[in-house]
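Reader: Before I rely on any label in a structural description, I would like each term set against its cut-off. Could you take me through this model in that way?

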Amino acid sequence: VNISRSLCLLGVVNHFIACGWYAISYIPEERGRTWINVMDAEERGIGYRYTTALHWSLTQFTPASMEVMPRNTAERWYTILVLLGAMVTFSTFVSSITTAMTTLRVRKGEQAKQAENLRRYISENHVSIDLARRISAYVTSHNLIIKQRIHEGDIKAIKALPELLQAQLHW
């Protein structure tokens, strides 16, 4: 969900950057030399122009390239500003995906460890097959291996809180 939300946000940001790229080409004093001139010469429609601007915007966030490039000072400055923002944004995006995947991997590892510990306990204590099957069915149906309630003692930060804050928390 977080990754999907980040992708949607990135899409919206790229839309606005593309609109800015399109708008920059209509600055009156720079109108003679713009990327839109190429579109005019090829008689491209508004749909193609927008998708070209969106494509340009997306390439600023990745190592990709395309044939559209700045043709004047305003477009060049806009490109530089977008690139600076894109470096930070894309790095943050990749970092959030990495964090989400690491968190998921850790949770799955904890679940696998708990399941293995239950199997070992059953085996080492010679629990009957019927009882082991019933225990496994109960644990699975109630998601006991997946869900574990967090207790106050598990959180070091709560132990470090002043007594007044701890008392308010307990209340």
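What follows is a conversation about the terms used for this structure and the values behind them.

Author: This is a predicted model, in which local features need pLDDT of at least 70 and side-chain atom pairs count only at pLDDT 80 or more, while totals for chains, interfaces and linings use all residues. Residues are numbered from 1 along each chain as its sequence is written, and side-chain values use heavy atoms, with hydrogens and water left out.

Reader: How do you know what the secondary structure of the protein comes to?

Author: Helices (H or I, at least four residues) and strands (E, at least two) are DSSP runs, numbered from the N terminus. By that rule the protein has seven helices and zero strands, and its pattern along the sequence reads α-α-α-α-α-α-α.

Reader: What radius of gyration does the protein have, and how does it stand against that of a compact globule?

Author: The radius of gyration is taken over C-alpha atoms, and the globule rule is 2.2 Å times the number of residues to the power 0.38. For 171 residues a compact globule would have a value near 16 Å, but the protein has 28 Å. The C-alpha trace spans about 85 × 50 × 25 Å along its principal axes.

Reader: What share of the residues is called buried, and what makes a residue count as such?

Author: Buried means under 20% relative accessible area, exposed over 50%, and partly exposed in between (1.4 Å probe, protein chains only). Buried residues make up 24% of the 171 residues. As for the surface, the protein exposes about 12,600 Å², of which carbon and sulfur atoms supply 64%; such areas come from the Shrake-Rupley method with a 1.4 Å probe, and for residues only the protein chains shown count as cover.

Reader: Why is a set of residues called a nonpolar core, and which residues have the most contacts inside the largest one?

Author: The name is given to a set of buried Ala, Val, Leu, Ile, Met, Phe, Trp, Tyr and Cys residues joined through side-chain atoms within 4.5 Å. The largest such core has 19 residues, and those with the most contacts inside it are Ile-17, Trp-21, Trp-35, Trp-56, Val-68 and Tyr-78. Helix H1 (2-24), helix H2 (35-41), helix H3 (46-60) and helix H4 (73-124) each supply at least two residues of this core, and the largest share, six residues, comes from H1. In soluble globular proteins, nonpolar side chains tend to be buried together.

Reader: Which residues does Trp-56 touch?

Author: A contact means heavy atoms within 4.5 Å. Leaving aside residues up to four places away in sequence, Trp-56 touches Ile-17, Trp-21, Met-66, Val-68, Tyr-78, Thr-79 and Val-82.

Reader: What makes Trp-77, Ile-80, Leu-81, Leu-84, Met-87 and Val-88 a nonpolar patch?

Author: Patches are made of residues with over 30% relative accessible area and no salt bridge, with like charges joined within 9 Å and nonpolar side chains (Val, Leu, Ile, Met, Phe, Trp, Tyr) within 5 Å. Those six residues together have about 650 Å² of accessible area. Leu-84, found in helix H4, has a relative accessible area of 48% and is therefore partly exposed.

Reader: Why is the pair Asp-130 and Arg-133 called a salt bridge?

Author: The term requires a side-chain nitrogen of Lys or Arg within 4 Å of a carboxyl oxygen of Asp or Glu. The N to O distance here is 2.7 Å, so the pair qualifies. Asp-130 also meets Arg-134 at 3.3 Å, and Asp-130, Arg-133 and Arg-134 are linked in a network of salt bridges. Asp-130 and Arg-133 are three residues apart in helix H5, so about one helical turn separates them. At 51% Arg-133 counts as exposed, whereas at 48% Arg-134 counts as partly exposed.

Reader: How many salt bridges does the structure hold?

Author: The structure holds six salt bridges. One of them joins Arg-119 to Glu-116, with the closest N and O atoms 3.2 Å apart.

Reader: What is the phi of Glu-43, and is Glu-43 buried or exposed?

Author: Most residues other than glycine have a negative phi. Glu-43 has a positive phi of about 55° although it is not a glycine. Glu-43 lies in the loop between H2 and H3, and with a relative accessible area of 72% Glu-43 is exposed. His-126, with a positive phi near 50°, lies in the loop between H4 and helix H5 (129-141) and is exposed at 70%.
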